[in-house]
Amino acid sequence: MVDLARRGFFRGRPRPRAENRPPWALAETAFIDACSRCDDCRQACPQGIIVSGDGGYPTLDFAAGECTFCGDCVRACRSGALQQGEATPPWTLKARIGTACLPLQGIECRICGEHCDARAIRFPPRLGGAAWAQLDPETCTGCGACFAPCPAGAIIFGAS
């Protein structure tokens, strides 16, 4: 078993940063124990968003695109670190809109909403300025489609 906290300490990073794992990944500790770092999931991802992260474990890079939840990574995983159960959501990742959002600075921008197929990001009219982005966490799938096009880097992903 790999002790990420210890490895991070020796790298000058006392606490390991949270990684966004591929869809249907086991809980972090179980994932680290099960994952063989074979890169099969990375090679199977048609979107190319699964990359090698800290320690060679697969992580997501939404700058490369969005997750379509196709399940190719799960089917390619031989170690059992990714397991798609019936009616199991792919993950608990949700987008959040950070303070760098351009409408919060008075600049009109709706790019994230235009890329959100789930329509989880809305821009209700606002008196006296640009409409602010409002994200509905219940509708957000955490697919990452809004991340790359955001010119301000204001989209943040984390567990809900």
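How exposed is R119, in terms of relative accessibility? At 44%, R119 counts as partly exposed. The views below come from a predicted model.

**View 1. R119, a residue other than glycine, has a positive phi.** Phi of R119 is near 55°. R119 sits in the loop that runs between α5 (111-115) and β4 (121-122). Its relative accessibility of 44% falls between the 20% and 50% cut-offs, so R119 is classed as partly exposed.

**View 2. A87 also has a positive phi without being glycine.** Here phi is near 60°. The loop between α4 (72-76) and β3 (93-97) holds A87. A87 has a relative accessible area of 84%. That value is over 50%, so A87 is exposed.

**View 3. D40 is a buried residue of helix α3.** The helix spans residues 40-44. D40 has a relative accessibility of 16%. This is under the 20% cut-off, so D40 counts as buried. With neighbours within four places in sequence left aside, D40 is in contact with A76 and R78.

**View 4. F62 and F157 form one of the aromatic pairs.** The structure holds four such pairs. In this one, the ring centres of F62 and F157 are 4.7 Å apart. Their planes meet at 40°, so the pair is tilted. The pair links distant parts of the chain, with F62 in the loop between β2 (58-60) and α4, and F157 in strand β6. The two residues are 95 residues apart. F62 is buried, at a relative accessible area of 5%. F157 counts as buried too, at 13% relative accessibility.

**View 5. F147 and F157 make a further tilted aromatic pair.** The rings lie 6.2 Å centre to centre, with 55° between the planes. F147 belongs to the loop between β5 (134-135) and β6, whereas F157 is in strand β6. Ten residues separate the partners, and the pair links distant parts of the chain. F147 is partly exposed, with a relative accessible area of 31%. A single aromatic cluster is formed by F62, F69, W91, F147 and F157.

**View 6. The largest pocket has a volume of about 290 Å³.** Its lining consists of 18 residues. E19, N20, R21, T92 and L93 lie nearest the centre of the pocket. Which strand gives the most to the lining? Strand β6 (residues 155-159) does, with three residues. By class, the lining has eleven nonpolar, four polar and three charged residues.

Terms used: Residues numbered from 1 in each chain as written. Predicted model: local features only at pLDDT ≥ 70, side-chain atom pairs only at ≥ 80, totals over all residues. Heavy atoms only, no water. Helix = DSSP H or I, 4+ residues; strand = E, 2+ residues; numbered from the N terminus. Buried < 20%, exposed > 50% of the residue type's maximum accessible area, 1.4 Å probe, protein only. 1 Å grid on protein atoms, 1.4 Å probe; cavity = no way out; pocket = protein on both sides within 12 Å on 5 of 7 lines; lining within 4 Å. Points joined across faces, edges and corners; volume = space filled by probe spheres on them. Nonpolar A, V, L, I, M, F, W, Y, C, P; charged D, E, K, R; others polar. Contact = heavy atoms within 4.5 Å. Phe/Tyr/Trp six-rings, centres within 6.5 Å; stacked < 30°, edge-to-face > 60°.
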